[in-house]
Amino acid sequence: MSDIERRKREHIGIVLSGVARHSAPAGFDDVQFLHNALPETDLDKIDLGTGFLGKRLRLPYLASSMTGGPDVSERINRAIAEAAQHLGFAMAVGSQRISLTTSDKSGLGPELRRIAPSIPIYGNLGAVQLVHGMGLEDARRAVNELGADALILHLNPLQEALQQGGYGNWIGVEAAIAQLARGLAVPVIAKEVGSGISAAVARRLADCGVAAVDVAGAGGTSWAAVEGQRSAGADEQSLGEIFRDWGIPTARCLSDVHAALPQMPLIASGGVRHGLDAAKAIRLGAGMVGQAAALLPAAMQGTDAVVAHVEAFARALRITCLATGSRNLTALRVAPLQ
């Protein structure tokens, strides 16, 4: 087993255990809708469909990047792809680094598109890798191997700093993102991994040509804590705890970035627990809402469990629309707040 594959397997176990979450909330409990006691809306006819980066979705839901190397990856990817095709939501794959450098595709090859021919599928590369050996041709391969509709570039400086063998040199990453956005045939999405993206950084990413931003704020999985849990030494474990709650809460990220860049398509992830949180995220400016850790247990069980999880998520979102008098997501985006 390679070091990368071992690390990905350990990541899954730690995330599933629940010991590496932010202790600070994502901020959605501070957002409250004004209840509408006379909604004049039919619950069963509420339209949860939306468009994102030119693709139509029946649900504003993204199965966010989870894993890209362990032997469970293929099973996870198949379950999510089958459920996404059935329900009409988007899917982002885990790291493609192993599939690009070895013959092990771990479910990250063209079979994923055969399973889910009509949903948006997003590829995955670490942004820092663009200045450490990977470039435009690797990104094109990542997209082509999946038939992907977009490529997500992950921004994770804190995790890399705490990870054994991680990349601490981020000089030149911004220019590399701009070069990639110009040269790639599909849109580029920039995503943090749980520490959030500020309005100032979002503006820089927009200037680079990034087509969408996943704010991925604090409030869900803490990758500082994950790396601390993985560490064998007491000093490294302590550092993971010191930085456990580092980051910008997801709700604040959304508000700030949407105010600064009102036309930028946004994905909300990081501590999104259920459909009510999703409704609040959409009200704050998100076009789509992502889950990873919350979906992972269902993905480990199989397609039926993923379908049940996402249907429950959609049910809570639909009920929120009814209770605010919103017949669709366009109306939800302007629903009154308390």
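Colleague: How do the residues lining the largest pocket divide into nonpolar, polar and charged?
Modeller: The lining has 14 nonpolar, 25 polar and eight charged residues. Nonpolar here covers Ala, Val, Leu, Ile, Met, Phe, Trp, Tyr, Cys and Pro, charged covers Asp, Glu, Lys and Arg, and the others, Gly among them, count as polar.

Colleague: Where does the model come from, and what are the ground rules?
Modeller: It is a predicted model, so local features need pLDDT of at least 70 and side-chain atom pairs count only at pLDDT 80 or more, while totals for chains, interfaces and linings use all residues. Residues are numbered from 1 along each chain as its sequence is written, and side-chain values use heavy atoms, with hydrogens and water left out.

Colleague: Back to that pocket. What volume does it have?
Modeller: The largest pocket has about 890 Å³. It is lined by 47 residues, with Ser-65, Met-66, His-154, Val-193 and Trp-223 closest to its centre. A pocket is an open set of points on a 1 Å grid over the protein atoms alone, with protein on both sides within 12 Å along at least five of seven lines, and a lining residue has an atom within 4 Å of a point. Points are joined across faces, edges and corners, and the volume is the space filled by probe spheres set on them.

Colleague: Which element supplies the largest share of that lining?
Modeller: α1, with six residues. Those supplying at least two residues each are α1 (3-17), β5, α6, β7 (188-192) and β10 (288-291). Helices (H or I, at least four residues) and strands (E, at least two) are DSSP runs, numbered from the N terminus.

Colleague: And what volume has the second largest pocket?
Modeller: About 400 Å³. Of its 17 lining residues, Leu-155, Pro-157, Trp-170, Val-201 and Arg-204 are the closest to its centre. By class the lining has eleven nonpolar, three polar and three charged residues. α6, α7 and α8 (199-207) each supply at least two of the lining residues.

Colleague: How many cavities of 30 Å³ or more does the structure hold?
Modeller: Two. A cavity is a set of grid points where a 1.4 Å probe fits but cannot get out. The largest holds about 80 Å³ of space, and nearest its centre, among 15 lining residues, are Leu-158, Gly-194, Ser-195, Trp-223 and Ala-224. α6 gives the most to this lining, three residues. The lining divides into seven nonpolar, six polar and two charged residues.

Colleague: Changing topic: which residues of the largest nonpolar core touch the most other members?
Modeller: Phe-89, Leu-151, Leu-153, Ile-177, Leu-254, Val-306 and Leu-332, out of 97 residues. A second, separate core of twelve residues includes Ala-92, Tyr-122, Ile-189 and Met-288. Such a core is a set of buried Ala, Val, Leu, Ile, Met, Phe, Trp, Tyr and Cys residues joined through side-chain atoms within 4.5 Å. Buried means under 20% relative accessible area, exposed over 50%, and partly exposed in between (1.4 Å probe, protein chains only).

Colleague: Which residues are buried in helix α5?
Modeller: In α5 (136-146) they are Asp-138, Ala-139, Ala-142, Val-143, Glu-145 and Leu-146. Down the axis of α5 these fall within an arc of 165 degrees, so they line one face of the helix. The arc is that of the directions from the helix axis to the C-beta atoms.

Colleague: What follows α5?
Modeller: Gly-147, with a positive phi near 65 degrees.

Colleague: Last pair. Is Ile-197 buried or exposed?
Modeller: Ile-197 is buried, at 2% relative accessible area, and its place is in the loop between β7 and α8. Val-215 is 18 residues away from Ile-197 in sequence but 5.1 Å away in space, C-alpha to C-alpha.

Colleague: And what does Ala-323 touch?
Modeller: Leaving out residues up to four places away in sequence, Ala-323 touches Leu-34, His-35 and Asn-36, where contact means heavy atoms within 4.5 Å. Ala-323 is in helix α14 (303-323) and counts as partly exposed, at 26% relative accessibility.
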